[in-house]
Amino acid sequence: MKNTFIILMTLTFLVGCKNDKTTEENVTSKTTVLEDGKTEKQSDGLIAIQGEFIYYADAAVLKTSNKIFGVVLNDKVNELQDQVKAYKKEDTDMVPVTVRGRIFKKDSNEEGWEDKIEIKEILNVSPPKPEANDVIKIGNK
């Protein structure tokens, strides 16, 4: 009985190790995993965030479904603004974007939005959905 149990455990161990080795080779070949078990992008401290972006009169804002972020003005914001211009019909149009950046709280003596984002990488810029047009315009045309 004891020998049967040992043989059964040995076979289970060998079969289990064979599958794990194949899976590990596939994962390693696709991405580079660092010593702490994370990929390079997971270890850089940046967060991917999706929302609507607007840059108007030297101020930029990123609005998500539940929060609004003030955007730190840097070279990436200028690059993002150039990409967003292709989808804007008016200066006040908001364009859906996906970016990676560093999120932090503003200083207590600083004006603006409570939460801020410093954009480090632009992942995607897409055209606005016309059915989401919730702007009210007043005027004669």
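Trainee: Is Ala57 buried or exposed?

Mentor: In this predicted model, Ala57 is found in the loop between E1 and E2, and its phi is positive, at about 55°, although the residue is not a glycine. The cut-off for the exposed class is a relative accessible area over 50%. Since Ala57 has 64% relative accessibility, the residue counts as exposed.

Trainee: How many helices and strands does the chain have, and in which pattern do they follow one another?

Mentor: The count for the chain is three helices and five strands. Read along the sequence, these elements follow the pattern α-α-β-β-β-α-β-β.

Trainee: Where in the chain is confidence lowest?

Mentor: For the chain as a whole the mean pLDDT is 78, with 64% of the residues reaching 70 or more. Within residues 19–29 the pLDDT is below 50, and this stretch has zero contacts in the model beyond near neighbours in sequence. Confidence is highest in strand E3 (residues 68–71), at 94, whereas the lowest mean, 57, belongs to helix H1 (residues 2–30).

Trainee: How many bridges join strand E1 to strand E4, and how many pair E4 with E5?

Mentor: Strand E1 (residues 47–56) and strand E4 (residues 95–105) run antiparallel, and in this pairing Phe53 stands opposite Val95. E4 also pairs in the antiparallel sense with strand E5 (residues 115–125), where the bridge partner of Gly101 is Ile119. The E1 and E4 pairing has seven bridges, and the pairing of E4 with E5 has nine bridges.

Trainee: Which residues is Val77 in contact with, once its neighbours within four places in sequence are left aside?

Mentor: Val77 lies in helix H3, and with a relative accessible area of 0%, under the 20% cut-off, the residue is buried. Val77 and Ile119 are 42 residues apart in sequence, yet their C-alpha atoms are 6.9 Å apart in space. With those neighbours left aside, the contacts of Val77 are Phe53, Tyr55, Ala60, Val71, Val72 and Ile119.

Trainee: How many residues apart are Lys76 and Glu79, which both lie in helix H3?

Mentor: The side chains of Lys76 and Glu79 meet in a salt bridge at 3.4 Å, N to O. Lys76 is partly exposed, with a relative accessible area of 26%, and Glu79 is partly exposed as well, with 37%. Their separation within helix H3 (residues 75–84) is about one turn of the helix, that is, three residues.

Trainee: Is Glu118 buried or exposed?

Mentor: Glu118 meets Lys120 in a salt bridge between side chains, at 3.4 Å from N to O. Lys120 is partly exposed, with a relative accessible area of 40%. The relative accessibility of Glu118 is 17%, and because the buried class covers values under 20%, Glu118 counts as buried.

Trainee: How many salt bridges does a search of the whole structure find?

Mentor: Beyond the pairs already discussed, Lys67, Lys105 and Asp115 are linked in a network of salt bridges. For the whole structure, the number found by the search is eight.

Trainee: What share of the residues in the chain is buried?

Mentor: The accessible surface of the chain comes to about 11,100 Å², and carbon and sulfur atoms account for 53% of this surface. Among contacts between residues at least 6 apart in sequence, 57% join residues at least 24 apart. Of the 141 residues in the chain, the buried share is 23%.

Technical notes. Residues are numbered from 1 along each chain as its sequence is written. This is a predicted model: local features need pLDDT of at least 70, side-chain atom pairs count only at pLDDT 80 or more; totals for chains, interfaces and linings use all residues. Side-chain values use heavy atoms; hydrogens and water are left out. Two strands pair if DSSP finds at least two bridges between them. Helices (H or I, at least four residues) and strands (E, at least two) are DSSP runs, numbered from the N terminus. Buried means under 20% relative accessible area, exposed over 50%, partly exposed in between (1.4 Å probe, protein chains only). Contact means heavy atoms within 4.5 Å. Accessible areas come from the Shrake-Rupley method with a 1.4 Å probe; for residues, only the protein chains shown count as cover. A salt bridge is a side-chain nitrogen of Lys or Arg within 4 Å of a carboxyl oxygen of Asp or Glu. pLDDT is the predictor's confidence in each residue, from 0 to 100.
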